[in-house]
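Reader: I'd like to go through this one with you and ask where the labels come from. Can you show it to me?

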Amino acid sequence: MNPIHSSAVSLLVLIITIVCTFDLIEAARNNRHVTCGTVLKLQNTDYKVRLHSHDVKYGTGSGQQSVTATELQEDVNSHWAVKAATGKNCERGEPIKCGDTIRLHHLATNKNLHSHHFQSPLSGNQEISAYGDEHGEGDTGDHWVLICSGDSWQRTNPVRFQHVDTDMYLGVSGRTFGRPINGQMEVVGIPNPYSGTEWVAAEGLFIHPTEKDSGARVHTEL
């Protein structure tokens, strides 16, 4: 190959690489919202644990699937999809607004984050469970209001989740389970939005609002 032609091709490849890199960086900067259809892990800001569930039922209370919090970053049972309330639709890639009612759908077990008037097993606060039928549909006990500052849910900003039916806030009690979920922390409903009730978007697959139709995504390590 002609040396001049080879140099020109190399330069073109370098320019394209640089342009693509800047496009990805800019997309990541713009993709600061948590949007409808996002799959993410939620980290409690006080206890540094991630919201978690698994096919283990409570031995007391409702007997439904238990919800806990784990220190393990890489656990696949900590993935939750952001969905609209039961019977409602939100457009894929649409930013979730502060004050919106949403569901958090547990991917591994096809159930929704849920609460009701049962006592939690360790601290006696309100029980948090995972609930739904084989199609992933539950009831109004799956509904949570997003409490945040500003207009919409920002990935880097702490938020709270208030249960619609009972007004309790999703939180961590600080108590730790023994077997069969040894070392995991108790997740509960708390009446006041104080210690243990703030959550931040951690690892996840975040859909870019302006590219929702093309299916393009910007994501971090799941």
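Predicted model: local features only at pLDDT ≥ 70, side-chain atom pairs only at ≥ 80, totals over all residues.

Reader: What is the mean pLDDT of the chain?

Author: The mean is 86, and 80% of the residues reach 70 or more, where pLDDT is the predictor's confidence in each residue, from 0 to 100. Over residues 11-30, though, the pLDDT is below 50, and beyond near neighbours in sequence that stretch has 4 contacts in the model. Contact here means heavy atoms within 4.5 Å.

Reader: Why is Arg103 called buried?

Author: Buried means under 20% relative accessible area (exposed is over 50%, partly exposed in between; 1.4 Å probe, protein chains only). Arg103 has 5%, so it counts as buried. Leaving aside neighbours within four places in sequence, its contacts include Ala81, Lys83, Asn112, Asp142 and His143.

Reader: What makes the Arg103 and Glu137 side chains a polar contact?

Author: They come to 3.3 Å. The term asks for a pair of N or O atoms within 3.5 Å; within protein, one must be able to donate a hydrogen and the other to accept it, and residues adjacent in sequence count only if both atoms are side-chain atoms.

Reader: Which strand holds Arg103?

Author: Strand β5, residues 101-106. Helices (H or I, at least four residues) and strands (E, at least two) are DSSP runs, numbered from the N terminus.

Reader: How do you know that β3 pairs with β2?

Author: Two strands pair if DSSP finds at least two bridges between them. β2 (residues 50-57) and β3 are joined by 5, running antiparallel, and Lys57 has Gln65 as its bridge partner in β3. β3 also pairs antiparallel with β7 (residues 126-131) over 2 bridges, with Ser129 as the partner of Ser66.

Reader: What makes β3 covered on both faces?

Author: Gln65, Val67 and Ala69 on one side and Ser66, Thr68 and Thr70 on the other are all buried.

Reader: What about the largest nonpolar core?

Author: A nonpolar core is a set of buried Ala, Val, Leu, Ile, Met, Phe, Trp, Tyr and Cys residues joined through side-chain atoms within 4.5 Å. The largest has 31 residues, and Leu170 is among those with the most contacts inside it.

Methods. Residues numbered from 1 in each chain as written. Heavy atoms only, no water.
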